[in-house]
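Open the model in your viewer and keep the selection tool at hand. We will go stop by stop.

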Amino acid sequence: MIKDQYRIMVVDDEPAIAEGVADTLAALTGHIYHPYSNALQALAAFTVHPYSLVLTDVTMPGLNGFELLEKMKLVHPGTDFIVITAHKSKDVVYNSHLLGAANIFYKPLDIEELEMAIHDCHRKFLIWQGRFQEVSFIN
């Protein structure tokens with residue numbers, strides 16, 4: 001991952017939702033967002049160039065959001081994930097927690113709350129960037 005670059009992937013099988021969320025959040029946060037409407041294409045892009053944060057829907061054809069999260073964590077364990085779903089269930093909460101998602105949001109999305117969660121993930125990223133810089137400076 002390019003140092004100090006905070007890139008965010010948005011994955012939803014409905015292109016209008018993926019693009020709409022990415023465009024809205026880019027305008028609000030100033031971060032770089034890349035929308036994907038196909039989980040397998042998102043995984044391929046992530047494998048080539050990992051993202052700092054991935055926002056993913058749960059119910060998608062091919063790979064569901066949890067399968068996608070699991071495969072991406074193998075490629076780059078430091079990536080944060082926010083799970084987005086229309087289905088409120090204990091399984092969603094359990095699987096999100098088990099796989100280490102930073103947060104869960106239910107559709108329809110509360111964009112202000114999602115924006116705050118993204119800022120929290122970004123702060124965490126910056127803290128870790130600083131710690132890695134301190135370690136490399138010492139060595």
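Buried means under 20% relative accessible area, exposed over 50%, and partly exposed in between (1.4 Å probe, protein chains only). This is a predicted model: local features need pLDDT of at least 70, side-chain atom pairs count only at pLDDT 80 or more, and totals for chains, interfaces and linings use all residues. Residues are numbered from 1 along each chain as its sequence is written, and side-chain values use heavy atoms, with hydrogens and water left out.

**Stop one: a helix.** Helices (H or I, at least four residues) and strands (E, at least two) are DSSP runs, numbered from the N terminus. Select residues 15-29, helix α1. Colour Ala18, Val21, Ala22, Leu25 and Thr29: these are buried. Seen down the axis of α1, the buried residues fall within an arc of 95° (taken from the directions from the helix axis to the C-beta atoms), so they line one face of the helix. Now turn to the face away from the buried side: Ala16, Asp23 and Ala27 are exposed there. Step just past α1 to Gly30, which has a positive phi of about 80°.

**Stop two: the core.** A nonpolar core is a set of buried Ala, Val, Leu, Ile, Met, Phe, Trp, Tyr and Cys residues joined through side-chain atoms within 4.5 Å. The largest one has 20 residues, and Met9, Val11, Val54, Leu68 and Met72 have the most contacts inside it. β1, α2, α3 and β4 each supply at least two residues of this core.

**Stop three: a strand residue.** Select Asn103, in strand β5 (residues 103-106). Asn103 has 32% relative accessibility and counts as partly exposed.

Methods. The expected span of a helix is 1.5 Å times one less than its number of residues.
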